[in-house]
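Hi there,

Here is the structure I promised to pass on to you.

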Amino acid sequence: GKEGGDGKEGGDGGDKPGRSPAKKKKDPKEDKKEDKNEDGGDASGKYEPTIVPSVIPVPELDYHHTRAAIEDIRYRVDVGPGALPSVAFYTFTHAHKFLHCCVTASDASLVVGGFADSVVRVWDINKSTPGANRDVYCTDSDSKRRKAAREEGMTLAEWEEANKDKMDDAEMEDADGAATNVGENGEKLDANSRIARPVPCVEYVGHSAAVHGVDLSPGHDFLLSCSRDQTIRVWSTQLEIPLAAYKSHRFPVWDVKWCGTGHYFASASNDCTARVWAMDESQPRRVMVGHLADVDCVAWHPNTNYIATGSTDRTVRLWDVQTGDCVRIFTGHRGGVRSLAMSPDGKSMASGSDDGGVLVWDLATAKCSHAFEGHRGAVYSLDYSHGAGTVLASGGADETVKLWDVSQSALNAANGGEVGAVKAENKASAAARKPPMTSLRTKSTPVFNVQFTGRNLLMAMGARAPSVRYQAAA
C-alpha cells in the first residue's frame, strides 16, 4: 500500500498499526512531472510518445526498412501552427472520373493510382529524375551539399571550404550522368529542368472491375488493391507480379489498409462489414459486424490492437482486433463518413464526412474534442503530421487542401479562453467556429488524397476536372 499524502485516516492498509499516516513533503521534481500536458509533452513543449505494446503477434521490419524509418525521424521537420508544412501536389491529367483512388509512398518515391478500367498503375518518381546518382530526397547537387554539411554539423559555407576538391569531382560526376538525359529536341535535362519528361509507369492487371482502394506496405515491397469485383489483391512491387487474391466479401470492397508493421491488413466493404486479414491466410481472421450501411473507410490504430471504420450510416466504430468486438461508437456526423485518420500518439482520431465536416474524437471518452467546418463538399482524405501530430491535413471535393490546428493548446483557447463563457457540453460547437490555419486551392482538381511523408512533407494528389468553360462548350 501507499502512504496517504493528505493526512486522512483509513489508507490503503499499508501503514503500521497505531501510527497515523505521515504527511509527505512535496518534492519540486514531482511538480514538473505533473506539468505534462495532454499533448504528450511537458511544460517545456518536449514531445514524449505514448508506447503501448501490441497484443497481436506482428512481424518486425527488416534492417533496411528500420534504418530508413530512423533516418526519417532524424531528418523530420517539426511542423505546427507556427511552422506549417510544405505541400507538393500531384495532378493526374485526363483522368477525371477515371481515377478512383491514389496513394504515395512514405518517402514520396512511388505514386499509385487505382482506375476505373480495373488497372492499378504505379509511377516511380526516382526513375524520372535525370542523373546517374538518384537519391530519394536529394536529387540535385545543392541538396546533396546541404545534407552532407548537416550530417557533419557544419554550415554550408564551412563544408564547401573544407571539401572543395571533393565537391568539384562530385559535380563532374553529376554532369556526366545528366548529359545522358536529353529531351525530345536534344536539349540536356537536369534535376531542375522545367521541361516535361515521361515518368516510368508499371501497370498491374488482374482485377475485373474498377479499383476503389490501394495502399503500400511499410517498406513498399507489397501493394494492396481492392475492387468492385469483390476481391482484394496483393502485388509484389519488386517482381511486379500478383501474389494472392483474397475472396470473402460478397459485395464491392471500398477501402483497404495495411497494418503499421505489415503482414496484416483490413478491408471495408459494401456488405456492411470490415474484415482483418493476414497475408498467409486466404480467409479473414476477424469479421467486424455492426454497421447498418456501407463501410466506406478503415484505419489502423498505431499499436495495431484496434481498427476504426467509417460508414454511410454516419457513425464511426472502433473495433478490438483480438476479439472482433466493437469497443467504441462515435456519433455526430450529419453525413456518411468518407475518411479516417489516427493521431501518432493513438489518443485521438479524425473523421471526415460527405457534408464537409471534420470531427476529432478522444478515443478514451468517445467524445468530440474538435469540430471543424470549412469544406464545401465531401472530405475524401485526412492525415496527421508525424511527431506530435498537431497539424491535421484534409482534402476534399471542393478542390482545396486545408490545414487544421489540433493541438491541445488550440482546444483550450477555443473552449476556455473566456472564463465561464463556454460550457463543457458546448466545446465541440465552440471549436467549430475556428477556421483552418490555411486553405490551399487547386486548379479545378478535387483532392483525393493527402498524406504526410516520414519527414513531414505533405503530399496531395487528385485528378483534374474539366473547366466550366470546357463543359459548357461540350
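Let's start with the cysteines: a search of the whole structure turns up 0 disulfides, where a disulfide is a pair of cysteine sulfur atoms within 2.5 Å. As for how covered they are, Cys297 counts as buried at 4% relative accessibility, while Cys272 is partly exposed with a relative accessible area of 23%. Here buried means under 20% relative accessible area, exposed means over 50%, and partly exposed is in between (1.4 Å probe, protein chains only).

Before you go further, please note that this is a predicted model, so to speak of local features we need pLDDT of at least 70, side-chain atom pairs count only at pLDDT 80 or more, and totals for chains, interfaces and linings use all residues. Residues are numbered from 1 along each chain as its sequence is written, and side-chain values use heavy atoms, with hydrogens and water left out.

Now the overall picture. The protein chain has 8 helices and 27 strands; these are DSSP runs numbered from the N terminus, with helices being H or I of at least four residues and strands E of at least two. Of the 474 residues in the protein chain, 45% are buried. The accessible surface of the chain is about 25200 Å², and 49% of that belongs to carbon and sulfur atoms (Shrake-Rupley method, 1.4 Å probe; for residues, only the protein chains shown count as cover).

Strand β20 (residues 357-362) pairs with β21 over 6 bridges, in the antiparallel sense. Leu359 stands opposite Ala371 in β21.

Most residues other than glycine have a negative phi. Which values do these two have? His220 has a positive phi of about 65 degrees, and the phi of His263 is near 75 degrees, also positive. His220 is in the loop between β6 (211-216) and β7 (222-227), and it counts as buried at 13% relative accessibility. His263 is in the loop between β10 (253-258) and β11 (264-269), and it is partly exposed, with a relative accessible area of 23%.

Cheers

Note on methods:
Two strands pair if DSSP finds at least two bridges between them.
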